[in-house]
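I opened my notebook to look up a few things in one structure.

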Amino acid sequence: MTSKGGETLDQSDGAALLIMSSVIQGRRCSSAVCQTEGLLTEEGRLRTGQPGALKMERADDDGVLRARCRTPQTPTSPDLDSSFSSLDGDSNPERHQQGNGVSHVTSNGKIEVEHVISKKLQLKRKAEHLKSDLMHQFDSHVNDFMDSLIEESSSLESAPLPASFSPPLSDKERSKLRYFRPPHGEGKQFVSRRSLLDELFEVNHIRTIYHMFIALLILFILSTLVLDFIDEGRLVLHFDLLVYAFGQLPLVVCTWICMFLSVLMVPYSLFHLWSQTQSGSHRHPGLCSVLFGSVFLLFQALGVGFLPTYVVLTHSLPPASCFIVILEQVRLMMKAHSFVRENVPRVLTWAKEKNSPGPVVPQVSQYLYFLFAPTLVYRDKYPRNPVIRWSYVASKFLQVLGCLFYAYYVFVRLCIPQFRSSSLQLFDLRAMVLCVFNSILPGVLVLFLGFFAFLHCWLNAFAEMLCFADRMFYKDWWNSTSFANYYRTWNVVVHDWLYYYVYRDILWMSRKRFRPAAMLFVFTVSAVVHEYILAICFGFFYPVLFCLFMCFGMMFNFILHDRRKGPIWNVIMWTSLFLGQGVIICLYSQEWYAQQYCPLKEPSFLELVKPRSWSCHRGVMLDTDQL
């Protein structure tokens, strides 16, 4: 069928049938969705030339561009007759157009092209606005659902175990337990979750950053090989720095085995014997608690604290070997404290209630699993994965090995040439400023390598071998806008130990009256331990890190607090972090070479404490040729 103007009526037939179908089905939807669909439909008609769309033609008489537009029929019952009439050939071009509450009267079915184009753009803007609103509401609902799901799974994971060594606690037992545990929480909740970088590396944009670091490593290797070939006439692949840094490995392994076996046997045996004294058969259980507690503290101080340090100092272990022994020493001490701290309240609760034949004592296998698990908070049971992905384990250990070689080339290309020459000069203010800014790049690279190698690769490899499912060893510390958030998210493993066993215990004992003092004590403990590790491993006392922790760390913790939001605060945080890494690399490297260039024959206590780099320069350098 054709109309007077020669245009087909197939499109009118389709519009009428669509209107009939919509009315008969009686579809109902929300206002936002229906409005979006209507706008998109009308925009599609305008674009494709369906009823209501533009049909362009050039008028011969005036040479201007015109368009014929048909009125889209609204799907209501009174309009059905007009739709049916169009099937009979009623194609009157003069119609009243209605849309968005505005009536436009056309003359001979023609309207201006500019008006239709503006209407089309207006409809498009409204559709995009409604689409963004819908997506925002959808994201909000999905986030709320995922948060509730995580909280529910966390509560399921933290439920008490029905095993014989950990019976469920009644309400009365829980009320008694709060006298022996901090009353403001049940401790850390372990949930099955992946590491953040594992999730981010699935995004191509983030993985490209990882590829950029690999490309930088390749450039370091190429530059080293080319320069060695130019200087020596051959390729030099000796890796003398790595061989020196990891020297005396057999002694390191023997020291670690002794430390591990002592921590495995002594704390567990002491706890098992002490738990038997609380059964009521002994007349003085309090005296037994003091006795066993004193023995445990003595073991922590001498057996785990003093003896490994004595081995390191007497045998003059190189830096990397020292780090292995001292870091394992600190880790095992923290694990032993966590085991005792988590299990003593359960035994004291049993001693008061006597609701089972014997005290609640964990099995040896549980304690052994905890000593290897990548966490410092003891639990009888952790969320576990069903299988071990050995390919994943191998990839993580290979990445650790790659990070070691990466750090080697960073020191060989960026640190050693700079500090070997600058240490021969007087270390004045100008030299210090240049040294700090030249050390920012290697300092930041070492920071990234240490984070990626240990907190991501090493801990994930052991977690995978042990089927340990909670992989939240760190959070998105790179997005921090405050140093308070950075301290909480940089190393979650250590932060949890400090929070639950230092900060919360101090608040519990002081009845929450000394929060600033508790925070100050946490910073002090962290600063002292960090400085102790560096002093033993480097062989000299230079409290740079301690001052950064106690002075700038505490100051930034209160200035850049959690109320600071916005990108500018993230920029300030990164700037401060870069400068801090430059200061650490510069001052410790200067002191290291000063200790080598200017040794003291008969040092006094003041000379041992005083930094050697303040007075060592070319004029007083001794035996330089030996280095």
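These are my entries, topic by topic.

**Entry 1: the kind of model**

I noted at the start that this is a predicted model.

**Entry 2: the annotated spans**

I looked up the UniProt record, an unreviewed entry, for "transmembrane region". According to that record, the annotation covers residues 209–230, 242–270, 290–313, 390–411, 431–455, 517–534, 540–559 and 571–590.

I then checked two of these spans in the model. How far apart are the end C-alpha atoms of residues 209–230? They lie 32 Å apart. This span is 100% helix and 0% strand. For residues 390–411, the end C-alpha atoms also lie 32 Å apart. I again found 100% helix and 0% strand.

**Entry 3: a nonpolar patch**

Next I looked at the surface. Which residues form a nonpolar patch there? I listed Ile214, Leu216, Ile218, Leu219 and Leu222. Together they have about 420 Å² of accessible area.

Ile214 is found in helix α7, which runs over residues 204–232. Its relative accessible area is 35%, so Ile214 counts as partly exposed. Buried would require a value under 20%, and exposed one over 50%.

**Entry 4: salt bridges**

How many salt bridges does a search of the whole structure find? I wrote down 10. I followed up several of them.

Arg194 forms a salt bridge with Glu202. The closest N and O atoms of this pair are 2.9 Å apart. Glu202 is exposed, because its relative accessible area is 57%.

Asp380 and Arg346 make another salt bridge, at 2.5 Å from N to O. Asp380 lies in the loop between α12 (364–372) and α13 (390–422), and Arg346 lies in helix α11 (residues 319–353), so this pair ties together parts that are 34 residues apart in sequence. I checked the burial of both: Asp380 is buried, and so is Arg346.

Glu464 and Arg471 also form a salt bridge. Their closest N and O atoms are 2.9 Å apart. Both residues are buried. I then saw that a network of salt bridges links Arg389, Glu464 and Arg471.

**Entry 5: cavities**

I turned to empty space inside the model. Rolling a probe the size of a water molecule over the atoms shows where empty space is left. A search of the whole structure finds 3 cavities of 30 Å³ or more.

How much space lies in the second largest cavity? I noted about 90 Å³. Its lining is made of 14 residues. Lys188, Pro374, Thr375, Met472 and Val493 are the lining residues that lie nearest its centre.

**Entry 6: an annotated site**

The UniProt record, an unreviewed entry, gives the annotation "active site" for His530. Where is His530? I placed His530 in helix α18, residues 515–538. His530 is partly exposed, because its relative accessible area is 34%.

**Entry 7: separation in sequence and in space**

I compared sequence separation with distance for two pairs. Leu401 and Cys457 are 56 residues apart in sequence. From C-alpha to C-alpha, Leu401 and Cys457 are 10.0 Å apart in space. Leu401 sits in helix α13. At 43% relative accessibility, Leu401 is partly exposed.

Phe556 and Ser576 are 20 residues apart in sequence. Their C-alpha atoms are 9.3 Å apart in space. I found Phe556 in helix α19, residues 544–559. Phe556 has a relative accessible area of 21%, so Phe556 counts as partly exposed. The cut-off for buried is under 20%.

**Entry 8: positive phi**

What is the phi of Gln248? Gln248 has a positive phi of about 60°, although Gln248 is not a glycine. Gln248 lies in the loop between α8 (240–245) and α9 (249–277). Gln248 is partly exposed, at 37% relative accessibility.

Ser316 also has a positive phi, near 50°, and is a residue other than glycine. I placed Ser316 in the loop between α10 (285–314) and α11. Ser316 is exposed, because its relative accessible area is 56%.

Terms used. Residues are numbered from 1 along each chain as its sequence is written. This is a predicted model: local features need pLDDT of at least 70, side-chain atom pairs count only at pLDDT 80 or more; totals for chains, interfaces and linings use all residues. Side-chain values use heavy atoms; hydrogens and water are left out. Patches are made of residues with over 30% relative accessible area and no salt bridge: like charges are joined within 9 Å, nonpolar side chains (Val, Leu, Ile, Met, Phe, Trp, Tyr) within 5 Å. Accessible areas come from the Shrake-Rupley method with a 1.4 Å probe; for residues, only the protein chains shown count as cover. A salt bridge is a side-chain nitrogen of Lys or Arg within 4 Å of a carboxyl oxygen of Asp or Glu. Helices (H or I, at least four residues) and strands (E, at least two) are DSSP runs, numbered from the N terminus. Buried means under 20% relative accessible area, exposed over 50%, partly exposed in between (1.4 Å probe, protein chains only). UniProt positions are given in the numbering used here, feature names are shortened, and annotations may be inferred rather than shown by experiment. On a 1 Å grid over the protein atoms alone, a cavity is a set of points where a 1.4 Å probe fits but cannot get out, and a pocket is an open set with protein on both sides within 12 Å along at least five of seven lines; lining residues have an atom within 4 Å of a point. Grid points are joined across faces, edges and corners, and a volume is the space filled by probe spheres set on the points.
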